[in-house]
Amino acid sequence: MDMAIDLSKLRKFLEGEKARLNMEMEQLQASVPTSEERREGSPFGKREEEATEALELEKRLAMERRIREEVVGIDHALQKIADGTYGLCDSCGQPIDPERLEALPQASLCMNCKALQAKNAKGKPPAG
Ligand SMILES: [Zn+2]
């Protein structure tokens, strides 16, 4: 196999991505108004305000979850680089399609296993 992945370059890229995500997370958390700030609002239309807040909170939590998942994926990829298993599928151990890795450097499953996982995940209630 003559496909050479520049692992040190890749590691730098992933570390950069992680730093970016951590910054995003900080900004997200910094943008949360404190409860005191919230109390400044007018007593009228409070219900609407609360509904908006709940929606904002939900959006923020979804974003936080996405960021956290991405960081976990990146950490996992960094770990695989350290272990020398980078580029191999976590599930079946086969090499992951280089094109897939190029598009998603932190991919830990090959296309087949990913598709299988997505299929299994459907229909079932989310675990944990
Ligand atoms: Zn696989």
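**Exercise 1. State what share of the protein chain counts as buried.**

Solution. In this predicted model, 22% of the 128 residues of the protein chain count as buried, where buried means under 20% relative accessible area, exposed over 50%, and partly exposed in between (1.4 Å probe, protein chains only). Local features need pLDDT of at least 70 and side-chain atom pairs count only at pLDDT 80 or more, whereas totals for chains, interfaces and linings use all residues. Residues are numbered from 1 along each chain as its sequence is written, and side-chain values use heavy atoms, with hydrogens and water left out.

**Exercise 2. Identify the protein donors of the zinc ion and determine their arrangement.**

Solution. Step one: donors are N, O and S atoms within 2.8 Å of the metal (3.2 Å for Na, K and Ca); water is not among the atoms, so sites may look incomplete. The SG atoms of Cys89, Cys92, Cys110 and Cys113 lie 2.2 to 2.3 Å from the zinc ion.

Step two: the four donor atoms subtend angles of 106 to 114°, which makes the arrangement tetrahedral (for four donors, all angles between 85 and 135 degrees). The ideal angle for four tetrahedral donors is 109.5 degrees.

**Exercise 3. Explain which parts of the chain Cys92 and Cys113 tie together.**

Solution. Step one: the donor residues follow the spacing C-x2-C-x17-C-x2-C. Cysteine 92 lies in the loop between helix H3 (46–83) and helix H4 (98–103), and cysteine 113 in helix H5 (residues 111–121), so the pair ties together parts 21 residues apart in sequence. Helices here are DSSP runs (H or I, at least four residues), numbered from the N terminus.

Step two: cysteine 92 is partly exposed at 38% relative accessibility, whereas cysteine 113 is buried at 11%.

Technical notes:
Tetrahedral: all angles 85-135°; square planar, octahedral: opposite > 155°, others 65-115°. Helix = DSSP H or I, 4+ residues; strand = E, 2+ residues; numbered from the N terminus.
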